[in-house]
Structures are given as C-alpha cells and as structure tokens.
Amino acid sequence: MAFYHMLLWFGIALLSVASLNGYKVERYSLLMPNVRPNKPELYLCTPIKVNFTRNYYIVGFEPNASMNTAHHMLLYGCKTPGSSKPVWDCGEMASEESTEESASPCNLGSQVIYAWARDAPMLRLPKDVGFEVGGNSPIQYLVLQVHYAHIDKFKDGSRDNSGVFLHYTERPMQRLAGVLLLGTAGLIPPKTVEYMETSCEIKENKTIHPFAFRTHTHSLGKVVSGYRVRANERGIDEWTLLGKHDPLKPQMFYPIQNDIKIHKSDIVAARCTMESRRNSITYIGATNKDEMCNFYLMYWVEGKSPLEQKYCFSRGPPLYYWSRDQELNNIPNREASTL
Ligand code: CU
Ligand code: CU
C-alpha cells in the first residue's frame, strides 16, 4: 500500500505519538472513495491490500466519520477480500430479494478488528500491543464496511469518505492483538425468552489478556454477556465477567477494565438473552428477519502469534445450553441475563 504520502500531512501528530511510545507511528487513511449511497440501509465495502513483503502493526484506529452520515463501521481483516471491485455492496442485513450483486466483506479468513458507532472516539490499543498485518500474517487485506442507514443527505449529489485512519508502526510489537468470536447457531421459538449460549476450553499454551469486547445481535437481543470460567480445587466453577452489554446500544468495542487473564484449560463462555414476541420461529441468519448472537473478545498475547483459535461457536438452542454442558456448573443465571 502507498504508505508514505500521508507522512508529510500528519507530521505533527506523528511527532507527539512518537515521543509517547518511543517508536515511530504513522497514519494510513482507509476511507470510502467518495461514494454516493443510493438506497437506505446500504452496506458498502472497500478494501486495501497490505504489502506482503513486510509486517505492520496497527496500534490505533482513528475514526473519520460522523453519526449523521454513517450508522456504523466495521473493519475486517481478511486473507482474501469478498470482491475485487474498489467498492461493493456487502450488506449483511440485505434481504434475499436484493437483486444487485452483493458479496461478504471477506472471502477467506474473516475477522473483525475494529468497530465504530455513534461518534465513538479513537481506539488506542494498550501499550506495546498491535494487530500484525501484511507480511506472513493471516491478514493480507483490510476491508472497511460502512452502514449507511439514511441517505437523505446524499440527495443533493454530495459524496462520502467515511473511514478510519490506521495508526501503525513497523517496529515489531511484543504483544500481539487478536479477536476471539463467540457465537451460536440455533433458533428462537415464538413468544418466548431464549438463551443462546456457547462455551469453549482454551487449549493453547498462551496467556490471553482481554482488553475490549463487543456484542452483536439483531433486534431481539436484550443482554449479551461473556465470562471466563475456571474450576477451583473443589471442582466448582468460578465465573468471572469479561463484559456484558445491551446489544441494541451502539455496537462498538468497549474497554474491559479489570486485569483478567485467561490461560490454558480455562473456559470462555457467552450468552445472549433473546426475547421474541413474534408468532413464528426466528433462525440464526444474516437478514433483519433473522438473529445473531455474537460476543467479540479483543485481547493481546505475549509472543509470536495470537490464538490459532478464532471462533467459539455452539449449536445453540434447542441443542446446546450451558445447563446441559457437563463441563459447566455454578452458572450465574440471573447475572448473565441482567444489566
Ligand atoms: Cu449500522
Ligand atoms: Cu448480524
């Protein structure tokens, strides 16, 4: 990518960031190329290919967007992008009727590494933590997805360049960031409150330091919570809250305040409490009529690579529940479903 032309423009910002960390941090702008959204509820994606001859470390995400224009933005790391076009329709919530060609953000190796909504401020990763991209890392492309909910302001022919300024360095970071995505399949019966739950044992010999989380459902989500579960000497599970949130509030990454460490043989678990007043079954799926249950855990590890494991998914209701999982006891039923 053309990394260098931004340097002059942001020389001053560069200087202050540099003196703070003791290494040079540069900015790269990943912005929509002056697009003109032509229908409401449009999701657009634009990619950049990262230079594969060297590694870069993203240490911060500075949004360039306002809530009057962009409803939300997601930044995906991909092995290969969903399209070879400079901009494409990548609507997750698009209904099946949509005639235009649309494609997902990534074709292979999809992971969300940043989310913005509702005028959220810049996200700086903790000291010495970076997302490794380019080189021999699994992230060869970065794909920016912008959700344009209302398009009235584009009726006069104006254009949009919402996006993010990536703060990055070439200095290898001691601590590498990663995202673990917990979620479920399954279904929600009509007129009921349902728990969509998942859990996984961490099998890799790494110490995980969670520092931010994000929740995602569509319209039926009430509470989404995530836990570290660790059995004590008597075999009783201790549930430590990683984060919980109302998924209908802005879906960005929120900080995890406590210094919680997750290591080998710990279990990570998440629950989405869903309330349906519908007359029919709601399935997991990508459109507005469907639901999703996602808890994203952003963390750092010391050493050469973040977790191999990127996902922790269960079959969800009616096939999987924490209460039927032999590995789990002492479930904080009430706490996991209240804010
Ligand atoms: Cu949105
Ligand atoms: Cu979704």
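Reader: Where is Val112 placed?
Author: Val112 belongs to strand E8. Strands (E, at least two residues) and helices (H or I, at least four) are DSSP runs, numbered from the N terminus. The model is predicted: local features need pLDDT of at least 70, side-chain atom pairs count only at pLDDT 80 or more, and totals for chains, interfaces and linings use all residues. Residues are numbered from 1 along each chain as its sequence is written, chains are lettered from A and ligands numbered from 1 in the order in which they are written, and side-chain values use heavy atoms, with hydrogens and water left out.

Reader: Val112, buried or exposed?
Author: Buried, because its relative accessible area is 6%. The cut-offs: buried is under 20% relative accessible area, exposed is over 50%, and partly exposed lies in between (1.4 Å probe, protein chains only).

Reader: What does Val112 touch?
Author: Leu74, Leu75, Tyr76, Val179, Phe253 and Tyr296, leaving out residues up to four places away in sequence. Contact means heavy atoms within 4.5 Å.

Reader: Which sheet has E8 in it?
Author: An open one of 5 strands, ordered E6-E2-E11-E4-E8, with antiparallel pairing. Strand E6 (88-89) and E8 are the edges; each has a single partner strand, so one side of each has no neighbour in the sheet. Two strands pair if DSSP finds at least two bridges between them.

Reader: How many bridges join E2 to E11?
Author: 8, between E2 (residues 42-49) and E11 (residues 141-148), running antiparallel. Within that pairing, Leu44 is opposite Val146 of E11.

Reader: Switching topic. What are the domains?
Author: Domain 1 covers 7-173 and domain 2 covers 178-336. The bounds come from an automatic or database domain assignment. Taken over C-alpha atoms, their centres are 25 Å apart.

Reader: How many residues of domain 1 are in contact with domain 2?
Author: 23, against 21 residues of domain 2.

Reader: And what area is buried between domain 1 and domain 2?
Author: About 1700 Å², with carbon and sulfur atoms giving 64%. That is the accessible area (1.4 Å probe) that the two parts lose on being put together, summed over both.

Reader: How many salt bridges between domain 1 and domain 2?
Author: The count is 0. The rule wants a side-chain nitrogen of Lys or Arg within 4 Å of a carboxyl oxygen of Asp or Glu. Polar contact gives 1 residue pair across the interface, both at pLDDT 80 or more. A polar contact is a pair of N or O atoms within 3.5 Å; within protein, one must be able to donate a hydrogen and the other to accept it, and residues adjacent in sequence count only if both atoms are side-chain atoms.

Reader: Which elements give two or more residues to the domain 1 side?
Author: Strands E8 (111-117) and E10 (129-134). E8 gives the most, with 7 residues.

Reader: How many salt bridges does the rule count overall?
Author: 13. One of them links Arg271 and Glu197, with the closest N and O atoms 2.7 Å apart. Arg271 is in strand E20 (residues 267-276) and Glu197 in strand E15 (residues 192-201), so the pair ties together parts 74 residues apart in sequence.

Reader: Are Arg271 and Glu197 buried or exposed?
Author: Both are buried.

Reader: What about Asp152, which residue does it bridge to?
Author: Lys155, at 3.2 Å between the closest N and O atoms. Asp152 counts as exposed because its relative accessibility is 56%. Lys155 is exposed too, at 64%.

Reader: Which side chain meets Lys206 in a salt bridge?
Author: That of Glu204, 3.1 Å from N to O. Glu204 counts as buried because its relative accessibility is 15%.

Reader: Now E16. How many of its residues are buried?
Author: 9 of 9, over residues 208-216. E16 runs antiparallel to E22 (residues 294-302), joined by 8 bridges. E16 also pairs with E19 (residues 254-255) over 2 bridges, again antiparallel.

Reader: What is the bridge partner of Ala212 in E22?
Author: Met298. In E19, the partner of Ala212 is Pro255.

Reader: Last one. Where is His245?
Author: In strand E18 (residues 237-245). His245 counts as buried because its relative accessibility is 16%. Beyond neighbours within four places in sequence, its contacts include Phe213, Thr215, Tyr254 and Leu339.
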